[in-house]
Amino acid sequence: MTTKKKPKVYITRKLPDAVETRMRELFDAELNIDDMPRSKAELIAAVKSADVLVPTVTDRIDAALIEEAGPQLKLIASFSNGTDHIDVEAAARKGITVTNTPNVLTEDTADMTMALILAVPRRLGEGARVLTDQPGEWAGWSPTWMLGRRIHGKRIGIVGMGRIGTAVARRAKAFGLSIHYHNRKRVNPATEDELEATYWESLDQMLARVDIVSVNCPSTPATFHLLSARRLALLQPTAYLVNTARGDVVDEAALIKSLREGKLAGAGLDVFENEPAVNPKLVKLANEGKVVLLPHMSSATIEGRIDMGDKVIINIRTFIDGHRPPNRVLPGR
């Protein structure tokens, strides 16, 4: 009796132990034990020898790398919701299928978005630092000390009303915010009625009228610097901006300028334009209490990461069995 050869699967980053164990059981899986980002040379070697590549958002799987792939590489099963780090069209030309792990991080990301919506106007970062950076110097409660802004009764403008944007809207409504949104198309009437949401076909018009902007759209060529210097200038000086989507949706230099000049009240950022580098000017603004910065952790829950791993495994097994994987990403999507 012959044993069926296991497909060779190359995993670029360390995944949860439960996911890695299952990968080893099912596949000839090469793990990344020390979790250091793979070099370009290592990725080239991987695509020349592996049957399946499992990258994450920290890996740049561009056309040049895909061109180096050997004929045995037929699947890129990305451990990610987005696929902007992969040249999907180049993969298709090479006959390589691309999959992702959608719809598992919605609630986690929406939770963190809501946390930033609260943290920035209520100055939570500043308040926490008073007790940790200056121990023993807090003089106690005062009627005029550490005053922030109330969010109840304010208007939130959601840029991108997909699954995450809708989940943010539900949370925001529970906190007493009035829901406004801009999207490529209107959400279904039942959702709009449930949220008592106002749709704006014009992003410019919405930005000029809301108190908080939540960026929840994907990174695509069409959304690059969607929040440009011109659009940021439309915001009221008392408005706040929160971004848990992708850093390049917002013109970071223009955002910094608006914050430094007092044309925007504050910002909460979990993503940055040149990750993992963070602009020192943003760090300075954070130290001044004008920005809350997080290290791209909005989706970072144990449950979410295991769910992502499960989807990667299902995509690989389905593909290896000769069927169409459930989370196939097509060019142009």
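**View 1. The axes of helix H11 (residues 252-260) and helix H12 (residues 280-287) come within 10 Å of each other and cross at roughly 30°.** That angle makes H11 roughly parallel to H12 (angles under 35 degrees count as roughly parallel, over 145 as roughly antiparallel, 65 to 115 as roughly perpendicular and the rest as oblique). The axes are lines fitted to C-alpha atoms, for helices over the stretch in contact, with angles running from 0 to 180 degrees between N-to-C directions, while helices (H or I, at least four residues) and strands (E, at least two) are DSSP runs numbered from the N terminus. The model is a predicted one, in which local features need pLDDT of at least 70 and side-chain atom pairs count only at pLDDT 80 or more, whereas totals for chains, interfaces and linings use all residues. Residues are numbered from 1 along each chain as its sequence is written, and side-chain values use heavy atoms, with hydrogens and water left out.

**View 2. H11 and H12 cross in the left-handed sense.** A crossing is called left-handed if the near helix is turned anticlockwise from the far one by less than a right angle, and right-handed if clockwise. On the H11 side the contact (heavy atoms within 4.5 Å) is made by Glu252, Ile256, Leu259 and Arg260, and on the H12 side by Lys281, Leu282 and Leu285. Sorted by type, the residues of this contact are four nonpolar, no polar and three charged (Ala, Val, Leu, Ile, Met, Phe, Trp, Tyr, Cys and Pro count as nonpolar, Asp, Glu, Lys and Arg as charged, and the others, Gly among them, as polar).

**View 3. Seven strands form an open sheet with parallel pairing, in the order E8-E7-E6-E9-E10-E11-E12.** At the edges stand strand E8 (198-199) and strand E12 (291-293), each with a single partner strand, so that one side of each is left without a neighbour in the sheet. Strand E7 (residues 178-182) is joined to E8 over two bridges, in the parallel sense (two strands pair if DSSP finds at least two bridges between them), and Tyr181 has Tyr199 of E8 as its bridge partner. Two helices can be followed across this sheet: helix H7 (residues 163-174) lies across strand E6 (155-159), E7 and strand E9 (212-215), running at about 170° to E6, while H12 lies across strand E11 (266-269) and E12, at about 115° to E12.

**View 4. Helix H5 (residues 106-119) and H7 have axes that come within 9 Å and cross at roughly 50°.** The two helices, H5 and H7, are therefore oblique to each other, and H5 passes H7 in a right-handed crossing. From H5, the residues Thr106, Glu107, Thr109, Ala110, Asp111, Thr113, Met114 and Ile117 meet Arg163, Ile164, Ala167, Val168, Arg171 and Ala172 in H7. This contact of H5 with H7 draws on seven nonpolar, three polar and four charged residues.

**View 5. A five-stranded open sheet has the order E2-E1-E3-E4-E5, and its pairing is parallel.** Strand E2 (28-30) and strand E5 (97-99) are the edge strands, each of which pairs on one side only, and neighbouring strands of this sheet are turned by 20° against each other on average, direction ignored. Strand E4 (residues 75-77) and E5 run parallel and are joined by three bridges, with Leu75 having Thr97 of E5 as its bridge partner. Helix H13 (residues 302-320) packs on the sheet, where it touches strand E1 (8-11), strand E3 (52-54), E4 and E5, and its direction makes about 165° with that of E4.

View 6. Most residues other than glycine have a negative phi, and most peptide bonds are trans. Between E11 and H12, the loop contains Pro276, which is joined to Glu275 by a cis peptide bond with omega of about 5°. Met146, in the loop between helix H6 (124-133) and E6, has a positive phi of about 55° although it is not a glycine. Glu196, in the loop between helix H8 (189-195) and E8, likewise has a positive phi, near 50°.

**View 7. Two domain spans come from the UniProt record.** The unreviewed entry places the feature "domain: D-isomer specific 2-hydroxyacid dehydrogenase NAD-binding" at residues 114-298, a span that is 33% helix and 15% strand, with its end C-alpha atoms 10 Å apart. The annotation "domain: D-isomer specific 2-hydroxyacid dehydrogenase catalytic", also from an unreviewed UniProt entry, covers residues 18-329, whose end C-alpha atoms lie 26 Å apart and which is 38% helix and 12% strand. UniProt positions are given in the numbering used here, feature names are shortened, and annotations may be inferred rather than shown by experiment.
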